[in-house]
Amino acid sequence: MKVKFYVILSILTFSLSSAQKKVNEKSKFNQELATSLGADRYGMKGYTIVMLTTGATQIADETKMAELMKGHMTNIGKLADEGKVIVAGPFLEKNKENYRGMFIFNTQSKEEAEQWVKTDPAVQAGIFSYEIFPWYGSAALPLYLKHHKEITKENL
């Protein structure tokens with residue numbers, strides 16, 4: 001019984017020390033990556049968030065609405081492929097601000113972000129309106145899209 005206890009204790013001690021070592025190991029700074037992503041000394045950079053809100057236009061024709069939403073999704077894909085939008089998605093619950101979804105654009109320019117959001121057919125049709133906010137976040141954020149494609153079985 002004592003032997004089993006010591007074996008288990010030894011395994012636990014080794015596992016804990018290995019885990020601690022990994023936590024204590026500091027990632028090495030990668031200047032080339034930081035520069036390529038436009039990171040400041042904190043690994044951060046400016047972006048622009050666009051909050052999509054419910055627009056003034058209501059479309060009862062389901063076929064027309066489906067066509068506009070397909071165009072909306074196609075436009076998001078195009079902007080992502082161009083490196084302009086790095087995060088996009090709908091909100092899953094209604095909220096008092098009537099936010100429907102959001103984009104994080106890879107620009108610090110509100111004017112440029114507005115030009116990009118205006119390419120959206122659903123915005124052009126008035127189904128969505130928008131609010132624009134400057135935002136400061138991790139410069140590594142654009143890297144997530146590469147990995148998202150690796151875990152996606154189907155497109156919406």
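A residue counts as buried when its relative accessible area is under 20%, as exposed when it is over 50%, and as partly exposed in between, using a 1.4 Å probe and protein chains only. By that rule, buried residues make up 26% of the 156 residues in the chain. The model is predicted, so local features need pLDDT of at least 70 and side-chain atom pairs count only at pLDDT 80 or more, while totals for chains, interfaces and linings use all residues. Residues are numbered from 1 along each chain as its sequence is written, and side-chain values use heavy atoms, with hydrogens and water left out.

Start with the layout. The chain has six helices and four strands. Helices (H or I, at least four residues) and strands (E, at least two) are DSSP runs, numbered from the N terminus. From that end, the order is α-α-β-α-β-β-α-α-β-α. Contacts here are heavy atoms within 4.5 Å. Among the chain's contacts with a separation of 6 or more, 74% link residues 24 or more positions apart.

Now follow the strands. Two strands pair if DSSP finds at least two bridges between them. Strand β1 covers residues 44-54. It is joined to β4 (residues 128-138) by 11 bridges, and these two strands run antiparallel. Phenylalanine 103 in β3 is the bridge partner of alanine 88.

How enclosed are these strands? Nine of the 11 residues of β1 are buried, so the rest of the structure largely encloses this strand. Threonine 53 belongs to β1. Its relative accessibility is 9%, so threonine 53 counts as buried. Beyond residues up to four places away in sequence, threonine 53 touches a set of residues including Tyr99, Arg100, Phe128 and Tyr130.

In a regular strand, side chains alternate between the two faces of the sheet. With that in mind, look at the nonpolar cores. A nonpolar core is a set of buried Ala, Val, Leu, Ile, Met, Phe, Trp, Tyr and Cys residues joined through side-chain atoms within 4.5 Å. The largest one has 17 residues, and those with the most contacts inside it are Val50, Leu52, Phe103, Phe105, Val117 and Tyr130. The elements giving it two or more residues are β1, α3 (62-81), β3, α4 (110-117), α5 (121-124) and β4. Apart from this core lies another, of eight residues, among them Met51, Ile86, Met102 and Ile104. Tyrosine 130 is in contact with Val50, Leu52, Val117 and Val123, among others, leaving aside neighbours within four places in sequence.
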